[in-house]
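Me: I have a model open and want to go through a few spots in it. Can we start with a single residue?
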Amino acid sequence: MADQYAQSGEDKRPAEIPAIRWEELPEGPVLVLLDQTRLPTEEVETVCTDASALVEAIRSLAVRGAPLLGIAGAYGVALAAARGFDVDEAANALASARPTAVNLSLGVRRARAAYQAELAGGGDPGRGARAALAAARQLHREDAEASARMAAHGLALLDELLPGGGHRILTHCNTGALVSGGEGTAFAVALAAHRVGRLRRLWVDETRPLLQGARLTAYEAARNGMAYTLLTDNAAGSLFAAGEVDAVLIGADRIAGDGSVANKVGSYPLAVLARYHHVPFIVVAPVTTVDPKTPDGASIEVEQRPGYEVTETAAPQAPVTGAGGGVPVAPLGTQAYNPAFDVTPPELVTAIVTEEGVISPVTADALAELCAKAGRGTTEAGAGVGAEASFGVGEPEQS
């Protein structure tokens, strides 16, 4: 079996490559993104000078992942304000760039509210721009802190559910530092297990059709010296049947009020497999991903992606003849069904791990209590992190 083995012992962390950063240049501020469409073969940065460039980067998945989209949305509003563009127009365009990820609109609202509050208090647009930037930077810091706390809670939960270590974890899509102000969500838990010597194997779903697992999670696992193995999505069932999976860890793009979880398409089949094989299915996401205004899974808008992502494949050294810039793998004119996400009902979710603690079992009441204690009500989706709380399995200690 093709494999990647862990580096032994020491915690040798790789040099950080920030997924997003704000820079002040002589000609004006810019937002610099690590272009995730070019990974793992190239580490290339994209420079956004206005919100429209950032919208395109979001839609093309150059920048992606729920927490990072919230950060990007906030910085995008600050960029529009700093460069003198129409802030409301920029905010509306940014918020609608990816409809399923609730963090994006949350970040946009937070920075726009800071901008508007400054103007309402008698400040000029320059002060409003600085207020928006401060809000974006604060959100960035909060997400990094939340990532560390989720990792601690998630590791404590794994150790309780799976005593003895040697965890074999299956993950889907990409949930590491590439989607976060810190080290990620679900991936951060696996990384924490690796650092304390309790990760035996990270099974990495390829995550078709855009291969975020193969291109991005494998890239992050290799950089961190983790023991990982890549598999096609449809090979997961054989792993479960062979008893090779101890837990499934995924992230979330939106968690509805009833506990339904929208995540990268392919997550729901893993939840079904996990239930059948009596394997814990764990969702790791910040409280900002919980959307109390979305009552249930049926109310989540699922983004539909272009069909050519399914009917073509990227092959840079091959002749390009497809409409999407790739090589066709299906007959010309083939229709494709390409939802970006699917929705897993709460009864298939063992636990939701947040920076505020763990919810298990997953119920609407538990989520509502978590949101209330974190300072997020049904009329305010994401004002920030409030009082700390811990719920459910084992009440893991704060990191």
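This is a predicted model: local features need pLDDT of at least 70, side-chain atom pairs count only at pLDDT 80 or more; totals for chains, interfaces and linings use all residues.

Me: Which helix does Thr311 lie in?
Reply: Thr311 lies in α10, which covers residues 308–311.

Me: And what does Thr311 touch, leaving out residues up to four places away in sequence?
Reply: Val327, Pro328, Val329, Ala330, Thr334 and Ala336.

Me: Switching topic. How many helices and strands does the chain have?
Reply: The chain has eleven helices and 16 strands.

Me: How much of the chain is buried?
Reply: 54% of its 399 residues count as buried.

Me: Now α7. What is its length in residues, and how far does it reach?
Reply: Helix α7 runs over residues 212–223, twelve residues in all. From first C-alpha to last it reaches 16 Å, close to the 16 Å expected at 1.5 Å a residue.

Me: Why is α7 described as largely enclosed?
Reply: Because nine of its twelve residues are buried. Among them are Leu216, Tyr219 and Glu220.

Me: What covers those buried residues of α7?
Reply: The cover includes strands β4 (167–171), β5 (199–205), β6 (228–231) and β9 (261–264), along with helix α6 (186–195).

Me: What comes just after α7?
Reply: Gly225, which takes a positive phi of about 65°.

Key:
Residues are numbered from 1 along each chain as its sequence is written. Side-chain values use heavy atoms; hydrogens and water are left out. Helices (H or I, at least four residues) and strands (E, at least two) are DSSP runs, numbered from the N terminus. Buried means under 20% relative accessible area, exposed over 50%, partly exposed in between (1.4 Å probe, protein chains only). The expected span of a helix is 1.5 Å times one less than its number of residues. Contact means heavy atoms within 4.5 Å.
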